[in-house]
Amino acid sequence: MRTGLGFDIHRFVENRKFFLGGVHIPFEKGLLGHSDGDVLLHSLADALLGAMGKPDIGFFFPDTDEGIKEIESSKILGRALQILKDENCSIENVDIVIICEKPKLLPFYETIKKSLSGMLRVDTERIGLKAKTFEGLGEIGRGETCACMVSVLIEKR
Ligand code: MG
(Lines give C-alpha, C1' and ligand atoms only; values in the text may rest on other atoms or scores of the structure.)
Protein backbone atom coordinates (compact mmCIF):
# COMPACT_ATOMS: atom_id res chain seq x y z
CA MET A 1 0.00 0.00 0.00
CA ARG A 2 1.22 3.49 -0.82
CA THR A 3 -0.29 6.91 -0.14
CA GLY A 4 -0.12 9.96 -2.34
CA LEU A 5 -0.91 13.63 -1.77
CA GLY A 6 -1.80 16.22 -4.37
CA PHE A 7 -2.48 19.95 -4.21
CA ASP A 8 -3.32 22.54 -6.84
CA ILE A 9 -4.66 26.07 -7.04
CA HIS A 10 -5.93 28.10 -10.00
CA ARG A 11 -7.11 31.68 -10.38
CA PHE A 12 -10.72 32.51 -11.28
CA VAL A 13 -11.07 34.67 -14.41
CA GLU A 14 -13.91 35.91 -16.61
CA ASN A 15 -14.82 34.18 -19.87
CA ARG A 16 -13.72 30.72 -18.86
CA LYS A 17 -15.81 27.66 -18.05
CA PHE A 18 -15.47 26.19 -14.56
CA PHE A 19 -14.61 22.49 -14.51
CA LEU A 20 -14.25 20.33 -11.41
CA GLY A 21 -13.62 16.61 -11.68
CA GLY A 22 -14.52 16.72 -15.37
CA VAL A 23 -17.92 18.29 -14.61
CA HIS A 24 -18.92 21.71 -15.91
CA ILE A 25 -20.08 23.78 -12.93
CA PRO A 26 -22.33 26.69 -13.96
CA PHE A 27 -20.62 29.85 -12.63
CA GLU A 28 -19.82 33.39 -13.76
CA LYS A 29 -16.08 32.62 -13.89
CA GLY A 30 -13.71 29.76 -14.69
CA LEU A 31 -10.22 28.73 -13.73
CA LEU A 32 -7.26 30.08 -15.67
CA GLY A 33 -4.75 27.53 -16.88
CA HIS A 34 -2.76 26.12 -19.75
CA SER A 35 -5.34 23.29 -19.74
CA ASP A 36 -9.06 23.61 -18.92
CA GLY A 37 -7.93 24.48 -15.36
CA ASP A 38 -9.59 21.52 -13.62
CA VAL A 39 -7.90 21.93 -10.25
CA LEU A 40 -9.43 18.71 -8.92
CA LEU A 41 -8.17 16.48 -11.74
CA HIS A 42 -4.73 18.09 -11.53
CA SER A 43 -4.37 17.45 -7.80
CA LEU A 44 -5.77 13.94 -8.24
CA ALA A 45 -3.25 13.14 -11.00
CA ASP A 46 -0.44 14.52 -8.84
CA ALA A 47 -1.56 12.43 -5.85
CA LEU A 48 -1.52 9.24 -7.97
CA LEU A 49 1.87 10.07 -9.48
CA GLY A 50 3.22 10.95 -6.03
CA ALA A 51 2.08 7.62 -4.60
CA MET A 52 4.21 5.89 -7.26
CA GLY A 53 7.21 8.15 -6.65
CA LYS A 54 6.82 9.72 -10.10
CA PRO A 55 7.34 13.40 -11.01
CA ASP A 56 4.28 15.71 -11.01
CA ILE A 57 2.03 16.51 -13.99
CA GLY A 58 4.13 19.54 -14.91
CA PHE A 59 6.86 17.08 -15.91
CA PHE A 60 4.57 15.16 -18.27
CA PHE A 61 2.58 18.19 -19.46
CA PRO A 62 4.83 21.29 -19.31
CA ASP A 63 2.90 24.58 -19.64
CA THR A 64 5.54 25.73 -22.13
CA ASP A 65 4.24 23.12 -24.62
CA GLU A 66 1.95 25.06 -26.99
CA GLY A 67 0.84 21.74 -28.50
CA ILE A 68 -1.17 20.91 -25.38
CA LYS A 69 -2.79 24.33 -24.85
CA GLU A 70 -6.41 24.00 -23.65
CA ILE A 71 -5.89 20.26 -23.16
CA GLU A 72 -8.75 18.54 -21.33
CA SER A 73 -7.60 17.64 -17.83
CA SER A 74 -9.15 14.18 -18.23
CA LYS A 75 -6.25 13.50 -20.62
CA ILE A 76 -3.78 14.59 -17.93
CA LEU A 77 -5.44 12.25 -15.44
CA GLY A 78 -5.51 9.57 -18.15
CA ARG A 79 -1.73 9.71 -18.38
CA ALA A 80 -1.41 9.18 -14.62
CA LEU A 81 -3.87 6.27 -14.82
CA GLN A 82 -1.89 4.68 -17.65
CA ILE A 83 1.27 4.90 -15.53
CA LEU A 84 -0.68 3.39 -12.62
CA LYS A 85 -1.65 0.46 -14.83
CA ASP A 86 1.89 0.04 -16.17
CA GLU A 87 3.16 -0.06 -12.59
CA ASN A 88 0.59 -2.76 -11.65
CA CYS A 89 -1.06 -0.47 -9.15
CA SER A 90 -4.75 -0.12 -8.30
CA ILE A 91 -6.65 2.54 -6.40
CA GLU A 92 -7.98 1.69 -2.95
CA ASN A 93 -9.59 5.03 -2.21
CA VAL A 94 -9.44 8.74 -2.91
CA ASP A 95 -10.29 11.62 -0.58
CA ILE A 96 -10.76 15.14 -1.91
CA VAL A 97 -11.10 18.58 -0.34
CA ILE A 98 -12.05 21.46 -2.62
CA ILE A 99 -11.40 24.89 -1.11
CA CYS A 100 -13.56 27.50 -2.76
CA GLU A 101 -15.67 30.40 -1.49
CA LYS A 102 -18.16 30.40 -4.37
CA PRO A 103 -20.14 28.76 -5.91
CA LYS A 104 -21.71 26.33 -3.43
CA LEU A 105 -20.61 22.89 -4.57
CA LEU A 106 -22.83 20.61 -2.47
CA PRO A 107 -25.42 20.27 -5.30
CA PHE A 108 -22.67 18.87 -7.55
CA TYR A 109 -21.08 16.32 -5.20
CA GLU A 110 -22.88 13.30 -6.64
CA THR A 111 -22.29 14.33 -10.26
CA ILE A 112 -18.58 14.93 -9.60
CA LYS A 113 -18.25 11.63 -7.74
CA LYS A 114 -19.92 9.76 -10.60
CA SER A 115 -17.63 11.47 -13.10
CA LEU A 116 -14.55 10.50 -11.06
CA SER A 117 -15.86 6.98 -10.55
CA GLY A 118 -16.10 6.60 -14.34
CA MET A 119 -12.62 7.97 -14.99
CA LEU A 120 -10.91 6.06 -12.18
CA ARG A 121 -13.05 2.91 -12.57
CA VAL A 122 -13.59 2.73 -8.82
CA ASP A 123 -16.88 2.66 -6.95
CA THR A 124 -18.22 6.00 -5.66
CA GLU A 125 -18.09 4.46 -2.19
CA ARG A 126 -14.27 4.69 -2.45
CA ILE A 127 -14.34 8.40 -3.29
CA GLY A 128 -14.62 11.02 -0.55
CA LEU A 129 -15.53 14.54 -1.63
CA LYS A 130 -16.22 17.73 0.27
CA ALA A 131 -15.86 21.43 -0.28
CA LYS A 132 -14.78 23.99 2.29
CA THR A 133 -14.86 27.75 2.20
CA PHE A 134 -12.02 29.87 3.56
CA GLU A 135 -14.30 31.83 5.87
CA GLY A 136 -13.83 34.96 3.77
CA LEU A 137 -10.09 35.07 4.41
CA GLY A 138 -7.44 35.95 1.84
CA GLU A 139 -7.52 35.27 -1.88
CA ILE A 140 -9.65 32.14 -1.59
CA GLY A 141 -12.05 33.91 0.75
CA ARG A 142 -12.44 36.78 -1.71
CA GLY A 143 -13.39 34.26 -4.36
CA GLU A 144 -10.33 34.93 -6.50
CA THR A 145 -9.15 31.36 -6.62
CA CYS A 146 -10.05 27.72 -6.09
CA ALA A 147 -7.73 25.16 -4.52
CA CYS A 148 -7.94 21.41 -4.08
CA MET A 149 -6.23 18.77 -1.96
CA VAL A 150 -6.37 15.06 -2.72
CA SER A 151 -5.06 12.04 -0.87
CA VAL A 152 -5.01 8.57 -2.43
CA LEU A 153 -4.21 5.06 -1.29
CA ILE A 154 -2.96 2.68 -3.96
CA GLU A 155 -1.93 -0.96 -3.90
CA LYS A 156 1.04 -2.28 -5.89
CA ARG A 157 0.61 -5.92 -6.86
MG1 MG B 1 -3.16 22.90 -12.23
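This is a predicted model: local features need pLDDT of at least 70, side-chain atom pairs count only at pLDDT 80 or more; totals for chains, interfaces and linings use all residues.
1. Start with helix 3, residues 73-86.

2. Which residues of helix 3 are buried? They are Ser73, Ile76, Leu77, Ala80, Leu81, Ile83 and Leu84. Viewed down the axis of helix 3, these buried residues fall within an arc of 155 degrees, so they line one face of the helix. The general rule is that an α-helix has 3.6 residues a turn, so residues three or four places apart point the same way.

3. The other side of helix 3 has exposed residues: Lys75, Lys85 and Asp86. After the helix comes Asn88, with a positive phi near 60 degrees.

4. What do the buried residues of helix 3 pack against? Their partners are helix 1 (39-51), helix 2 (57-60), strand 5 (89-99), helix 4 (109-120) and strand 7 (145-156).

5. Now the core. The largest nonpolar core holds 47 residues. Leu20, Leu40, Leu44, Leu48, Ile96, Ile98 and Leu120 have the most contacts inside it. Helix 1 supplies the largest share of this core, nine residues.

6. Take Leu44. Beyond its neighbours within four places in sequence, Leu44 is in contact with Leu77, Val94, Leu116, Leu120, Val150 and Val152.

7. Last, the largest pocket. The space in it is about 250 Å³. It is lined by 13 residues, of which His34, Ser35, His42, Phe61 and Asp63 are the closest to its centre. Strand 1 (2-13) and helix 2 are the elements that give two or more residues to the lining.

Conventions: Residues are numbered from 1 along each chain as its sequence is written. Side-chain values use heavy atoms; hydrogens and water are left out. Buried means under 20% relative accessible area, exposed over 50%, partly exposed in between (1.4 Å probe, protein chains only). Helices (H or I, at least four residues) and strands (E, at least two) are DSSP runs, numbered from the N terminus. The arc is that of the directions from the helix axis to the C-beta atoms. Contact means heavy atoms within 4.5 Å. A nonpolar core is a set of buried Ala, Val, Leu, Ile, Met, Phe, Trp, Tyr and Cys residues joined through side-chain atoms within 4.5 Å. On a 1 Å grid over the protein atoms alone, a cavity is a set of points where a 1.4 Å probe fits but cannot get out, and a pocket is an open set with protein on both sides within 12 Å along at least five of seven lines; lining residues have an atom within 4 Å of a point. Grid points are joined across faces, edges and corners, and a volume is the space filled by probe spheres set on the points.
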